[in-house]
Amino acid sequence: MASSQPAIEITLENVHTLSTYDLRQELTRRKKLDPELAEAFSYRKGLERLVAILSAEKQEQYQHATAKAADESLQEKLRRQREERKREALERSKARQKAADYFQQRREANKEQKKEAVAASTEESPTCEEPPTCEEPPTCEEVDDPEPLFMQKSRGAKVFVR
């Protein structure tokens, strides 16, 4: 009998080997023995109840392991992407090192871009011989708008009206 043996872990694979007494003891130990089940306890009812409990535990462990694996797979994915970027950067660096005149070409290209930028900025800003004249803004008499822009309200507040 399993009751005389040292405590073993009860799983779905070995639950069928337990006796009625062992089933009842295990359910009591887990505090899953319902009062109605305790009154009319049988091997079949105890086995069904314990198998249901063990199945739920196994499902919970599976979900936990799956969630943990998903977290690890995300970490692995990020690590893999980081390694790919690093590898690509190293390849670009090696290609630059192989081209002996790479840095000279970059300096010349930068100088040309600076010259083009200076030339474009001088072309865009026209040279004015006459300074711009500042005209006075039109006065209220010059504007042919019959409606005033501000109206005087009670308590002396001016309100913009259009």
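This is a predicted model: local features need pLDDT of at least 70, side-chain atom pairs count only at pLDDT 80 or more; totals for chains, interfaces and linings use all residues.
**Salt bridges**

| Pair | N to O distance | Placement |
|---|---|---|
| Arg 29 and Glu 26 | 2.4 Å | salt bridge between side chains |
| Arg 30 and Glu 57 | 2.5 Å | salt bridge, closest N and O atoms |
| Glu 91 and Arg 87 | 3.9 Å | salt bridge between side chains |

Let's start with Arg 29 and Glu 26. Both sit in helix 1, three residues apart, or about one turn of the helix. Are the two partners buried or exposed? Arg 29 has a relative accessible area of 56%, so it counts as exposed. Glu 26 comes in at 9%, which is under the 20% cut-off for buried.

Arg 30 and Glu 57 make a salt bridge too, at 2.5 Å between the closest N and O atoms. This pair ties together distant parts of the chain: Arg 30 belongs to the loop between helix 1 and helix 2 (35-39), while Glu 57 is in helix 3, 27 residues apart. Glu 57 is partly exposed because its relative accessibility is 33%.

Then there's Glu 91 with Arg 87, where the N to O distance is 3.9 Å. The salt-bridge cut-off is 4 Å, so the pair still counts. Both residues lie in helix 3, four residues apart, again about one turn of the helix. Glu 91 is partly exposed at 49% relative accessible area, and Arg 87 is also partly exposed, at 45%. Elsewhere, shared partners join Glu 26, Arg 29, Arg 30 and Glu 57 into one network of salt bridges.

**The fold in outline**

How many helices and strands does the protein chain have? There are four helices and two strands, and along the sequence they run α-α-α-α-β-β. Of the 162 residues in the protein chain, 11% count as buried.

In soluble globular proteins, nonpolar side chains tend to be buried together. Here, the largest nonpolar core has 11 residues: Ile 10, Val 15, Leu 18, Leu 23, Leu 27, Leu 37, Phe 41, Leu 47, Leu 50, Ile 53 and Leu 54. Which element gives the largest share? That would be helix 3, with four residues.

Leu 23 is one of the core residues, and its place is in helix 1. Its relative accessible area is 0%, so Leu 23 is buried. Leu 23 and Leu 33 are 10 residues apart in sequence, with their C-alpha atoms 9.9 Å apart in space.

Gln 25 is also in helix 1, which covers residues 20-29. With 38% relative accessibility, Gln 25 is partly exposed. From Gln 25 to Gly 46 you step 21 residues along the sequence, and the C-alpha to C-alpha distance is 10.0 Å.

Lys 31 sits in the loop between helix 1 and helix 2. Its phi is near 60°, a positive value in a residue other than glycine. At 74% relative accessible area, Lys 31 is exposed because that value is over the 50% cut-off.

**Charged patches on the surface**

Where does positive charge gather on the surface? Arg 79, Arg 82, Arg 85 and Lys 86 form such a patch. One of its members, Lys 86, is found in helix 3. Lys 86 has 56% relative accessible area, so it counts as exposed.

There's a negative surface patch as well, formed by Asp 101, Glu 108, Glu 112 and Glu 116. Among these, Glu 116 is in helix 4, residues 102-124. Glu 116 is exposed because its relative accessible area is 55%.

Terms used:
Residues are numbered from 1 along each chain as its sequence is written. Side-chain values use heavy atoms; hydrogens and water are left out. Buried means under 20% relative accessible area, exposed over 50%, partly exposed in between (1.4 Å probe, protein chains only). Patches are made of residues with over 30% relative accessible area and no salt bridge: like charges are joined within 9 Å, nonpolar side chains (Val, Leu, Ile, Met, Phe, Trp, Tyr) within 5 Å. Accessible areas come from the Shrake-Rupley method with a 1.4 Å probe; for residues, only the protein chains shown count as cover. Lys and Arg count as positive and Asp and Glu as negative; His and the chain ends are not counted. The place of a charge is taken as NZ of Lys, CZ of Arg, CG of Asp or CD of Glu. A nonpolar core is a set of buried Ala, Val, Leu, Ile, Met, Phe, Trp, Tyr and Cys residues joined through side-chain atoms within 4.5 Å.
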